[in-house]
Amino acid sequence: MSNNYTYPSLPSIVAGLKNPEIVESKFIYNFFMPDERVNEKSQILGRDGITDNAAFASRIGKSPRFVQIKMNQTWATTKYLDIQALVNAKAPILYEDAPFGRNFSSIVVQDTSADAKSYYIMSSSSDPLFTGELIVGGGVELNTLNDFRDLSDFVMPTESVSSTRMSSSTANERSFLFNALNNIQSTSYRYAKTDIAGVMQNDFLNDVKGFAPAVTFSNLFIGDITNRILENENSIFADEFAAALERSEKIQKKSRQSSNSYVVSADEYDLTLPYYDYELFDEADITSADLSVEVNHVGFVIDKSTQNSDRTVTINETTYLSSKETEYVDNAVRYGGLYSYTVRALYEVIVYAAAETSSSRGAQIAKAKMLFATSGKNIDIFCVENTPPPPPEDVYFKLLPEGHLFIGWQFPFNKQRDIKKFQVFRRSSLDVAFELISEIDFDDSVIKTPSSEFIPAQLVTRKKSPTCLYNDLEFNINSKFIYAIISVDAHGYTSNYSTQFQVSVDLFTESLVINVVVRKGCPKPYPNLYLEQDFFTDLVKDSEHKRMTVYFDPDYTDLLDSAGHRLNLIAFNSKRPSYKIHILETNLAQDQIVNITTGNTKIPVAIPISEAKVYTQVT
């Protein structure tokens, strides 16, 4: 240690109490605000005159976003106390994960970058598998897990190598461990500059990231132990203990100043628990039955902390709830933030003890009331929403005097009010893919979400307000195109296609011919998913034949449902025609209708039950 003094080992006392049960914890996103990524203050929704809808009046009083945690009330002994009044009166609360005596202190640590460190350490196990004149590293500084795009990005040649290329045989020789860790990388997610690092959102090593132990130290040595931990900068909790170093050294210095290494004081061994209220009784008035310890659940203590983009943790305010409240709502959250909550159960513990008083009344008993908070349960909530916007409604077209095409649409019903872009797509037929011809961007976010799509700059039109129109200047009277519109929200999510319209010009009337070819709702990769057309041609052309044979030879003439009932999918009727064939002779304009009846003349065939041989010595 830092000196040659010897201090006695002192007792540490803890207690075990029932932790709360978390029923539900979630982030609720009501509507968009331009500064949602940088502002944690709750705001009131304002009108914009364009995207307002019928739900505005019902949402005007709601917070734009909040975290909700629901606890289950399962305690048999529950008592109501005005917890906030006790806190305001500075009533002492004993924490279960902290020592109760004056001789010990605890440091609660949580390594939020555990998975990034694990990825870095374990991925290095692939180094020996690289052969030739290749080395891994090259002085590259790795800041976030998103930097690990491909190991080949960090392969540097030695001085004897003139190219950074990696042979195919070498590139494929990656360790199993490295390949297994590839799933850490985020896929299809974008992060704005103010968001937390992508590694924090990943589910990999969730148990490790959520591990938040409370380490108890003697006040006489807490500073020395913290310094010793920090000597190894690669220690898992080095950065967390570094934040507690200054406080630890102050605690140790003050403790040693009040302690004499040559004398063991009774104060160092006597357990003194702070109480918030007490009542005195004469010893003669108390029976042994009255001296039992009473424990009542009186509320909850919720500690909140913010995990920052640099992986540091900011400790926020503590919220106190009474036993009547089992729901916690936190309106002070920003979009894209990662917040940690520790939900503790708060108990009132009533104990009886001998009281030392200056009264001449004789021996007295003190009924002391104390507040205990459990170690709690930790919850991490990533404040993002993943609801895609709806596609635009009521798409309409007009032929401009110059022969070009005007396209307009209605702003869709969007209760989250987060649509910030429209994309206009066009294709020449159902057999080809859609082509983006314009993106209308009216995103007013303070921090914009990077797009996951590469959009050429010449196709992007920026507007200050929502715009629901586009002029296709490449359209002319000889054109025949299919159009569809897509919505894009402020968080990078896109809607499905709107209704797809085929637009052309009738040269005789010089008016537009507009046909619906696919209903709305097709996903972006599958524009023909809801294509409504017959798979069989209704009209068959034929010539030079005099006979026609119609076959009806199904494998099964009926089906049974799970309950054994016949579905009667085929209408068997020997007297009433089930089908009709219309034969038209085009030269003489004569026709004939042939009636076809179906009769169930197929002889039922029993399907034999499968047999199997069984070899056994059991008789």
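1. A salt bridge here means a side-chain nitrogen of Lys or Arg within 4 Å of a carboxyl oxygen of Asp or Glu. By that count the structure holds 14 of them. Bear in mind that this is a predicted model, where local features need pLDDT of at least 70, side-chain atom pairs count only at pLDDT 80 or more, and totals for chains, interfaces and linings use all residues. Residues are numbered from 1 along each chain as its sequence is written, and side-chain values use heavy atoms, with hydrogens and water left out.

2. Have a look at Asp 224 and Arg 256, whose side chains meet in a salt bridge at 3.0 Å, N to O. Asp 224 sits in helix 8 (222–230) and Arg 256 in helix 10 (245–257), so the pair ties together parts 32 residues apart in sequence. Helices (H or I, at least four residues) and strands (E, at least two) are DSSP runs, numbered from the N terminus. Asp 224 is buried at 13% relative accessible area, and Arg 256 is buried at 14%. Buried means under 20%, exposed over 50%, partly exposed in between (1.4 Å probe, protein chains only).

3. Arg 462 and Asp 441 make a salt bridge too, at 2.6 Å, N to O. Strand 19 (460–462) carries Arg 462 and strand 18 (435–441) carries Asp 441, so the pair links parts 21 residues apart in sequence. Arg 462 is exposed at 61%, whereas Asp 441 is buried at 6%.

4. Now a backbone point: Lys 90 has a positive phi of about 60° although it is not a glycine. Lys 90 lies in the loop between helix 2 (83–88) and strand 3 (93–95), and is exposed at 75% relative accessibility.
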